[in-house]
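Here are some notes to go with the model, written as numbered points. Have it open while you read.

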Amino acid sequence: MARPLDPSGLPVKKKGEKYVVHVISGTHWDREWRFTAEQSKFRLADLLDTVADTLERVPAYRQFVLDGGSVMLEDYLTIRPGSRERLARLVREGRLALTSWYTLPGINLVAPEAVIRNLQEGRRIADEFGGAMRTGYTATGYGQPSQMPQIYRGFGMEQVTLYRGTNKHAVPPVCRWTGRDGSEVLLIRGFDEVTRSNWVYYAYMPIALGKSGDPVEELEYRYDPRTRPVHMADAQLYEMGFTSLGGEVRVPRSRRALLQGYEHFRGQAYPYAIGKLVLALNMDDNASPWPNQPKLIEALNQVLDDTVILDSTLDDYVQAVVEEVKGTRLREVRGELRYPAVEYGWNGLFGMTASARVRMKQLNEEAETELILVAEPLAVVASLCGAPYPRVSLDAAWLSLLKNHAHDSICGASLDDVHEDMAYRFRHTRTVSEEVSRRSIEAVWNRIDHSGFQADDQTLTVFNSLPYARAGVHPFVLDLPADVFRNETYRHTPLGYPDPDLFDVLDEQGRPVDYEITDIQDIQIGYESPAESPGAYLKVKRHRVLLPVSLPSSGYRSFAVRKRPPRYVPRPRPRPPRPNIAHPGGILENRFLRVEIRANGAFDLTDRMRGRVFPNLHSFDDRISTMRYAHMEPPAFGDEAVTSLGAQAQITMLESNPLRGRYRI
C-alpha cells in the first residue's frame, strides 16, 4: 500500500516510525582548481593513504566515496605505484566507492560524445578495481542536459542523484526525471544549502568543533596553535594557504552538547525527508575521513529518541528510497535541469562559467572537432581499407581531452597555471588527431581509382567525415610542383618570364569548376621519403584558392587540377557581373546575410531569409571578477569597466571576391 503524501508530493513518515538518517561519507575531489594537477597529486596521495589507513583500522567506518572520478586512481598510482592492490581490495570489499565518471565534467560545456566517453572510460577503470557504484552520481555539472536520463539508463543506472541545476522550488527531493526521448530515472537531489556537505556543516562542525551552524561563519578558521598551522613566506609560494600539521578532533561526551549540536542538522535536513529517510552528505571538498565518525554516530544514537543514524553508502540509501516510494505516484520533471533561480545558499547554477576564459572554450572546441568529427571517423574508414587502427594514440588523445573536461577546469574557475596546463593537453589532443587524420586520409587516397584523370593531373580529394551532405565554399592550399606546372609558352618571350598560373579544376565528369586564387607563392616544401635525405625538398608554386564544393555524407570527391595553355577568345563577350561579397564602408553581404560594421567595431547582422536583425554584436566589456566561479558585485574599492562601445576601431577590408569577403576589425 502506498504511503500518504504531503502537499509537495513526498511520502510522509508513519506515526511511531523513527527517522533513519543515512550518513554518506566521501570526498569531492577537485583535481585542479586551487592547485595544479601535479600539486594536487601530492595531496591526493596523502588523502588516499589516510582513507586506506582509516578503513583498515576502523572497521565500523562503513564506506568512503571518491567522487572525483577514476582519474583519482590514475593520479594516485603515479605517486604510490605499489598501492594498486590495496585500493582494489577496498573497492571489492565495498569500503571504497567509485563513481562511473572518469572526471566530473562541466556537462553543458563539452560535446555530447565526450560525456559518453567520460562514462565509458570511468567504468573501464572502475571495473579494473572492482566496479563502480550502481547509482548515477553527478557531484556538479552546471545543469543537466535533457538527454542525461537516456545516457544514464544506457549505462545501466536507473537512479541518479545530483544537485547543480536544480532548486527546492522546481525539483522535489525525489521525483521522476524524464529525458527528451522518454527515458526515465528516479532522481534524488541534493540540497540548496551546502549541497553535498550538510552533515559536515550542520552536524559535525557544531557538535565536534562547537561552531555556530552557520555555514558561512564556519568557513572562518580561528587561530588555534594546537592545530600547528604553517604558512610559506617566500615570494613564490606566499599565496598558498595555511596548512595544519596537527590536532585531533574528539567526540564530545556531553549529552547536552550532542543534542544542541544536532538540532542544527535536524532543522536543515529533516524538511527534506523522504518518508522516514533523511540524507546526510559528508562529502566536502577534498575532505579526509574523520576516524572518530563511527563514535559520533554511536553517541548520537544513544541520545536521540526519534532517530536512528546509519553509517551508510549511497547505493544503500538510494535503494532505501526506492523501497520508501514504491507505489507512490511521484512528481515528474521533464527535460533539461538548468534552473538559475537559487535562494541564498551554495547550489548556484554558475551558468556564467560559459563565458569565463573563453580561450579555453575555443581550444576545447578545436580539439573536440579534430578528434570526434575528423580523426576517429577517418581512422575507421582507413582501417576498413587495410590500415591499422591507431587505438593507443587516440585513447591517449581522449584522456588528455577528458582531463580538461573536469568542471573546475573547463568552466575557467582555476588558477592561471591550471589553464596553462590545459592548453598543453588540448594541444596534445589536437596534434595527435591531426596526425591520425593525415595518415588515414593518405591510406584512403592511396586506394582511390584516379585512372580517369590524365597523367600530369594533380588530384584534389576532399573528404567529408560528417554523416550528412555538405556544400559550401572552402579554402584550399594547392602546392603544385613547379617543374610540372612551369608554363613554357612565355619562357623565352621578350616580355621576360611572367609564368602565369594557368590550370583548370575539373570534377569527376571533366566539367570545369569555378575557383578564385587569393594568393601565390614560390616556396620549397619538405619531401618525406625513405629513399631521400630527411632534408629533401620540392619546389612548388603555392596557390591559396577558394573552391565551391558539394560533398556526400561520409564520403569524398576528387577533382583534377590540370595544367592548360593560354586560352584566347577571339570575340569575347562580357559575362554578367558577379557581385563581390565585401564592399567599401564595412559591408559584407550575400543573398543570405548582410553585415554592417560600425565605427566602434560592433556590427549589425541581418538574416535576409527571415528578415531578422541582430544589432550591435561584437562589443566587449571587461570588469573585475571577484570569485573563482562568478562575476560578482565589485569590491569596496570599486571597479572600472573597460568597453569597446566608445572605441574608434581600425576596420580594414582584407578580401573581396564573389566567393568570400573578409574584414579585419
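**Notes on the model**

1. Two strands pair if DSSP finds at least two bridges between them. Histidine 583 stands opposite isoleucine 587 in β20. These strands belong to an open sheet of five, ordered β19-β20-β21-β22-β23 with antiparallel pairing. Its edges are β19 (582–583) and β23 (612–617), each of which pairs on one side only. Helices (H or I, at least four residues) and strands (E, at least two) are DSSP runs, numbered from the N terminus.

2. Some housekeeping. This is a predicted model, in which local features need pLDDT of at least 70 and side-chain atom pairs count only at pLDDT 80 or more, while totals for chains, interfaces and linings use all residues. Residues are numbered from 1 along each chain as its sequence is written, and side-chain values use heavy atoms, with hydrogens and water left out.

3. The overall picture: the protein chain has 15 helices and 27 strands, and its C-alpha trace spans about 110 × 65 × 60 Å along the principal axes. Of its 665 residues, 47% are buried (under 20% relative accessible area; exposed is over 50% and partly exposed is in between, with a 1.4 Å probe and protein chains only). Take the contacts (heavy atoms within 4.5 Å) between residues at least 6 apart in sequence: 71% of them join residues at least 24 apart.

4. Back to strands, with β17 (residues 537–551). Twelve bridges join β17 to β14, and the two run antiparallel; here valine 477 stands opposite arginine 544 in β17. Strand β16 (residues 516–526) also runs antiparallel to β17, joined by ten bridges. In that pairing glutamine 521 stands opposite arginine 542 of β17.

5. Next, the nonpolar cores (sets of buried Ala, Val, Leu, Ile, Met, Phe, Trp, Tyr and Cys residues joined through side-chain atoms within 4.5 Å). The largest has 98 residues, and those touching the most other members are Leu96, Phe129, Val174, Trp177, Tyr317 and Val321. A second, separate core has 30 residues, including Met205, Val251, Leu300 and Ile309.

6. Worth a click: tyrosine 317. Leaving aside neighbours within four places in sequence, tyrosine 317 is in contact with His22, Ile24, Ile188, Ile274, Leu277, Val278, Leu279 and Ser312.

7. Which residues of helix α3 (residues 84–92) are buried? They are Leu87, Ala88, Leu90 and Val91. Seen down the axis of α3, these fall within an arc of 160°, so they line one face of the helix (the arc is that of the directions from the helix axis to the C-beta atoms). They pack against α1 (37–57), α2 (71–79), β3 (96–98) and α4 (112–129). Just after α3, glycine 94 takes a positive phi of about 80°.

8. On to the aromatics. Rings of Phe, Tyr and Trp (its six-membered ring) pair if their centres lie within 6.5 Å; planes under 30 degrees apart count as stacked, over 60 as edge-to-face and the rest as tilted. By this rule there are eleven aromatic pairs. Tyrosine 19 and tyrosine 270 form a tilted one, at 4.6 Å centre to centre and 55° between the planes. This pair links distant parts of the chain: tyrosine 19 is in strand β1 (residues 19–27) and tyrosine 270 in the loop between α8 (255–269) and β10 (277–282), 251 residues apart. Tyrosine 270 is buried, with a relative accessible area of 9%. Tyr19, Trp199, Tyr262, Phe265 and Tyr270 form one aromatic cluster.

9. Another pair, tyrosine 204 with tryptophan 290, is edge-to-face: 4.9 Å centre to centre, with 65° between the planes. Tyrosine 204 lies in helix α6 (residues 198–209) and tryptophan 290 in the loop between β10 and α9 (293–303), so the pair ties together parts 86 residues apart in sequence. Tyrosine 204 is buried at 16% relative accessible area, and tryptophan 290 counts as buried at 12% relative accessibility.

10. Finally, serine 465, in the loop between β13 (458–464) and β14 (470–481). Not counting residues up to four places away in sequence, serine 465 touches Leu373, Val374, Pro377 and Leu378. The backbone oxygen of leucine 373 lies 2.3 Å from a polar atom of the serine 465 side chain.

Conventions
Polar contact = N/O pair within 3.5 Å; in protein donor to acceptor, adjacent residues only side chain to side chain.
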